[in-house]
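Hello,

Here is the structure I promised to hand over. Please open it alongside this email, and then read on for what was found in it.

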Amino acid sequence: MTEDEGLGFIPAAWVHARGELALHRPQVMAIVNVTPDSFFDGGRLHDGTAPLVDATLEHARRCVHAGADLVDVGGESTRPGAEPVDPQRERQRVVPAIEALRADPALREVPISIDTRRASVAEAAIAAGASIVNDISGLADPQMAPLCARTGVGLVIGHLRGEPRTMQREVHFSHLLTEVTQELSTRVHQAIEAGVSRASIVVDPGIGFGKTAQHSAALVAASGWLREATGCPVLVGASRKSFLGAITGREAPNRLAGSLAAALVAVDRGASVLRVHDVGDTVQALQVSRSIREAFDTVAQRGASPREALH
């Protein structure tokens with residue numbers, strides 16, 4: 001089977017530079033933002049001048065202890081309206097954090113993802129120990145795909161039109177699902193043409209990135225659609241985002257329940273990876289959901305069908 005013949009065949013594992021992550025259950029990616037202006041935590045892992053490495057280590061340890069399968073380190077806020085960060089400054093934020101995470105005995109086996117749009121930052125992060133690149137821009141940097149191919153890292157291809165600073169100014173889709181699917185498929189083909197293995201690629205519909213609240217809500221439930229169309233597992237990052245506020249009227253600190261609801265819908269509709277702030281709560285929600293389904297299946301196999309039970 002060639003790479004392009006793989007449409008419809010979803011890999012059983014997500015291959016990255018240091019191994020693979022099995023996809024028989026949803027993988028939980030913990031958000032670790034070493035920025036001074038994170039939309040949710042307000043930059044508690046950065047003092048305004050440099051990342052707080054000890055605080056970052058402790059946060060990552062807590063996430064892994066709570067059940068995170070991998071951690072996603074970011075040095076640039078990509079919230080709507082955010083100003084771009086100079087690549088050198090972005091490297092100065094993420095490299096010390098990744099080096100510390102990789103050197104920590106408690107985190108040595110945990111895959112590290114670098115959340116960046118820039119190949120130069122990704123290259124430095126990979127050298128520091130990252131084994132996955134999470135690119136929300138969908139390979140806008142022409143050097144990103146060749147870098148990922150050369151280093152054998154896992155790759156998240158996100159959907160984004162424009163850049164975070166301006167992406168919410170003029171949002172327009174004639175047919176949301178068709179256009180997001182086509183644009184992601186084009187980027188997947190670009191990555192494969194550059195030498196990236198399909199087994200290393202995960203796609204992300206870009207919840208909240210150049211989308212209305214209705215668009216984002218629809219894309220949470222579109223994982224099966226996107227998975228079948230692109231031939232790649234799907235990552236959903238809905239945690240604490242503004243579309244949840246549009247639905248509930250709650251500000252980011254009070255969107256936990258909405259985030260968990262979105263996570264469960266995403267998994268039910270076929271998502272393989274969840275990018276979240278609240279690891280322990282998400283893991284618990286997934287455990288309960290899975291256990292309820294398994295309990296019903298076990299009991300149902302022992303009994304009559306619903307119609308038979310009435311006679």
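At 30% relative accessibility, Arg 161 counts as partly exposed. Keep in mind that this is a predicted model. The partner of Arg 161 is Glu 183, and their side chains meet in a salt bridge, 2.6 Å from N to O. Glu 183 lies in helix H5, residues 176-194. Arg 161 sits in the loop between strand E7 (154-158) and H5. The two are 22 residues apart in sequence, so the pair ties those parts together. Glu 183 is partly exposed too, because its relative accessibility is 27%, which falls between the 20% and 50% limits.

The total comes to 14 salt bridges. Some of them share partners. Glu 58, Arg 61, Arg 62 and Asp 104 are joined in this way into one network.

Arg 62 and Glu 58 form a salt bridge at 3.7 Å, N to O. Both belong to helix H1, residues 53-65. They are four residues apart, so about one helical turn separates them. Arg 62 is partly exposed at 43% relative accessibility. Glu 58 is also partly exposed, with a relative accessible area of 36%.

Which residue forms a salt bridge with Glu 123? Arg 150 does, and the closest N and O atoms are 3.8 Å apart. This pair links distant parts of the chain. Glu 123 is partly exposed, with a relative accessible area of 45%. Arg 150 is exposed, at 58%.

**The sheet**

In what order do the eight strands of the open sheet run? The order is E8-E7-E6-E5-E4-E3-E10-E9, and the pairing is parallel. Strand E8 (201-204) and E9 stand at the edges. Each has a single partner strand, so one side of each is left without a neighbour in the sheet.

Now look at one pairing inside that order. Strand E3 (residues 27-33) and strand E10 (residues 273-276) run parallel, and four bridges join them. Met 29 stands opposite Arg 275 in E10. That is a handy place to start when you trace the sheet on screen.

Most residues other than glycine have a negative phi. Two residues here are worth a look on that point.

Leu 139 is not a glycine, yet it has a positive phi of about 65 degrees. Where is Leu 139 found? It is in the loop between strand E6 (132-135) and helix H4 (144-151). Is Leu 139 buried or exposed? Leu 139 is buried, because its relative accessible area is 2%, and buried means under 20%.

Arg 240 also has a positive phi of about 65 degrees, again without being a glycine. Arg 240 is found in the loop between strand E9 (235-236) and helix H8 (242-248). At 5% relative accessibility, Arg 240 counts as buried.

**Putting it together**

Best wishes

Key
Residues numbered from 1 in each chain as written. Predicted model: local features only at pLDDT ≥ 70, side-chain atom pairs only at ≥ 80, totals over all residues. Heavy atoms only, no water. Buried < 20%, exposed > 50% of the residue type's maximum accessible area, 1.4 Å probe, protein only. Pairing = 2+ DSSP bridges. Salt bridge = Lys/Arg side-chain N within 4 Å of Asp/Glu carboxyl O.
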